[in-house]
Amino acid sequence: MKAMRALGAGVVIAAALAVGAAAPAQDAQTVELPKPQMTGGRPLMEVLKDRRSQRSFSTKPLPPQVLSNLLWAACGVNRPDGRRTAPSAVNWQEVDVYVATSDGLYLFDAKAHALKLVVAKDLRAQTGGQPFVGQAPVNLIYVADYARMGRASDRDKDFYAAADTGFISQNVYLFCASEGLATVVRGMVDKAALGTAMGLRPEQRVTLAQTVGYPG
Ligand SMILES: Cc1cc2nc3c(=O)[nH]c(=O)nc-3n(C[C@H](O)[C@H](O)[C@H](O)COP(=O)(O)O)c2cc1C
């Protein structure tokens, strides 16, 4: 596993992705995030006052520490038993957060607090039809893995996947309001096309996407 460094146009890249890395293939595609800072932030009531959707983004990249804090706030591990900052039905933890940057598509591994490279291509423009999605530094894609949801009916799986996504999204909204970042959660996504581009299994369903960046 290698640490990441900030990129000019994008957000992060794994030093291990450089040609010639001697690590095994799996390690070579894992990007270690800085340890999340779990203190600080603005008072909750002020953050709630400022929570809003914004649709104008700068291309300025997110520093690695900010991305790390953002992902921890979204659904990072906050207790020794592996539970998260966001609740999930039956503690299924079925919603994965994918991170689309100019460098590629990554899966957030909450347990390792790391990013795993999934597709080494810029898929940002495919995460939605609105013009800002291709320019903002980060688009989060929420993907529910129905295979993790036990024997619930399909209707219940749809409901819990949507509800559990909402908790993560709101955590992101609150983090962004605290940090002065812009964000908007998005349902207008060609989910089938995006799922294909991401190489998802049939049991993995895109629920929502969320753009994050500095206000433009
Ligand atoms: C489930 C859901 C889907 C949404 N989809 C989109 C979207 O595709 N594009 C967009 O610009 N905003 C989208 N929004 C943002 C809403 O338009 C926004 O939350 C609403 O207008 C209220 O504004 P506020 O978030 O600033 O309070 C979505 C919000 C939710 C909760």
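User: Which residue has a polar backbone atom 3.1 Å from a nitrogen atom of the ligand?

Analyst: This is a predicted model, in which local features need pLDDT of at least 70 and side-chain atom pairs count only at pLDDT 80 or more, while totals for chains, interfaces and linings use all residues. Residues are numbered from 1 along each chain as its sequence is written, and side-chain values use heavy atoms, with hydrogens and water left out. A polar contact is a pair of N or O atoms within 3.5 Å; within protein, one must be able to donate a hydrogen and the other to accept it, and residues adjacent in sequence count only if both atoms are side-chain atoms. The backbone atom that lies 3.1 Å from the ligand nitrogen belongs to V185.

User: How far from an oxygen atom of the ligand is the polar side-chain atom of S53?

Analyst: M188 places a backbone N or O atom 2.8 Å from an oxygen atom of the ligand. For S53, a polar side-chain atom is involved, and its distance from a ligand oxygen is 2.6 Å.

User: Which strand gives the most residues to the shell around the ligand?

Analyst: The residues around the ligand (those with a heavy atom within 4 Å of it) include R51, Q130, G187 and L208. Strands are DSSP runs of E with at least two residues, numbered from the N terminus. With three residues, the largest contribution comes from residues 182–186, strand β8.

User: What is the mean pLDDT of strand β2?

Analyst: pLDDT is the predictor's confidence in each residue, from 0 to 100. The chain averages 90, and β8 has the highest mean among its elements, 99. The lowest mean belongs to β2 (residues 12–14), at 42.

Technical notes:
Helix = DSSP H or I, 4+ residues; strand = E, 2+ residues; numbered from the N terminus.
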